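Hi,

Here is the structure I promised to pass on.

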Amino acid sequence: MKVLVVGSGGREHALVWKISQSPKVNETFCAPGSAGIAETAEPVNIAPDEIERLADYAEKKKIDLTVVGPELALTLGITDLFESRGLRIFGPNKAAAQLEGSKAFAKEILRENHIPTASFGTFANATLAKQYLAQQQPPYVIKADGLAAGKGVLICAKREQAEAAIDDLIVRKSFGAAGERVIVEEFLEGEEASFMVLTDGDHILPLASSQDHKRVFDNDQGPNTGGMGAYSPAPVVTSAMTERIIDEILKPLLTGLKNRGLHYRGLVYVGLMVTKDGPKVLEFNTRFGDPECQPIMMRLKSDLVPLLEATIDGNLDRVQPEWYDDAAICVVLCAQGYPGTYETGKEIHGLDKLKNWNKGFVFHAGTAHDHGRWLTSGGRVLGVTAHSGSIAQAVKEVYQAADQITWDGIHYRKDIARRALKQV
Ligand code: AMP
């Protein structure tokens, strides 16, 4: 089989790493890929939003399966286009991808189907949003409706800050069209967790549980990022909790989507707050989480490709993945300044020491290769991912490895999985 992965980050490196191990696959491609990914998959110089060019390429190269990493391609309708040309692709179609593409749409589905979530109001008018805000209790949660690379959520302790955030989004359009509508939401207290499932629209196949760390600094300080690290399993997602998430969230979600005439096939990522009243939905994503994908791929014992194919073919009831009974942790090494402005082109040292590392793998999220040297080329640069018998052991392994890598301005959190350690 020939498989094409769309995207270029750490998530796509993890997908390529896993897919290329499949006995069914003899060639793996990645568009556009990265210098790191190029060690495993042939790079294809097409951006994820150039969906026509991607379809032309898949047709010409006779690609048997395309796997979409980033949400943008899905909301642009890459799946509809590929399917109209008879090409097999993993990911929901454009209408179903609105579940991530519009937080207002997701909130409507949640409300219509009585799925537990924070109470909320949706506004395109700043004055009305502020009137609603005045009736809420702090802290205030303000969200941009559209895609904002994980950075469109503001949690404000003071009302003035929340009002400024509303003005920023609606009046000053700091997130462009993505902030034309805002959601003002109740603040939920509890333990966060991510729960990813494959679904063919009828059946639900849970993947291993995981948890990411969104804030840039230790102890959840500083602004939100795309994700600073992740671990799997997440102890807060017990088997009883898994049942509740499926019964109270995922089954009504699929019914609600069907009632709207949407046939969802792909991955559903549920961002959860486990509150004292049970699991509540913070957000939905329509693709693998990044960095959660890295530890999850490391813990997946089975071949990923048949699982993706069963999702497309509506046969998910016929597959049962096997998992390694261990723990995996990904620590994201970042450039100084991320998630704000940062410099690129810094020489990375120490990668050679981890070439034959037998406790994990270093996934590349933003690197370039230049005359035998590795350089930084993004805000999130590397995802050092280890697996071991326990979370405590995996923490030790992952930081021993991460500490071997250096560059000018390197920054990473030192407390990934610390909360999980307290729970086990
Ligand atoms: P989202 O992209 O909607 O998942 O939001 C990003 C992050 O903001 C989440 O991972 C939470 O840490 C936080 N967050 C979002 N919504 C809420 C809420 N209603 N209450 C508390 N924290 C929230």
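Strand S10 (residues 191-199) and S11 run antiparallel and are joined by three bridges; strands count as paired if DSSP finds at least two bridges between them. Leu-198 has Leu-205 in S11 as its bridge partner. Strands here are DSSP runs (E, at least two residues) and helices likewise (H or I, at least four), numbered from the N terminus.

Before I go on: this is a predicted model, where local features need pLDDT of at least 70 and side-chain atom pairs count only at pLDDT 80 or more, while totals for chains, interfaces and linings use all residues. Residues are numbered from 1 along each chain as its sequence is written, and side-chain values use heavy atoms, with hydrogens and water left out.

Back to that sheet. The order is S11-S10-S16-S17, an open sheet of four strands with antiparallel pairing. Strand S11 (204-206) and strand S17 (278-285) are at the edges with a single partner strand each, so one side of each has no neighbour in the sheet. On average, neighbouring strands are turned by 35° against each other, direction ignored. Helix H9 (residues 239-259) lies across S10, S11, strand S16 (266-275) and S17, at about 50° to S17. Contact means heavy atoms within 4.5 Å; axes are lines fitted to C-alpha atoms (for helices over the stretch in contact), and angles run from 0 to 180 degrees between N-to-C directions.

Next, have a look at strand S15 (residues 229-232). Gly-229 and Tyr-231 on one side and Ala-230 and Ser-232 on the other are all buried, buried being under 20% relative accessible area with a 1.4 Å probe, protein chains only. S15 pairs antiparallel with strand S12 (residues 211-212) over two bridges, with Ala-230 as the partner of Asp-212. S15 also pairs antiparallel with strand S18 (residues 327-334), over four bridges, and there Ser-232 is partnered by Ala-328.

The pocket has 21 lining residues, with Glu-39, Leu-351, Lys-355, His-364 and Trp-374 nearest its centre. Strand S19 (347-348), strand S20 (360-364) and strand S22 (373-376) each give two or more residues to the lining, and S20 gives the most, with four.

Cheers

Key:
1 Å grid on protein atoms, 1.4 Å probe; cavity = no way out; pocket = protein on both sides within 12 Å on 5 of 7 lines; lining within 4 Å. Buried < 20%, exposed > 50% of the residue type's maximum accessible area, 1.4 Å probe, protein only.
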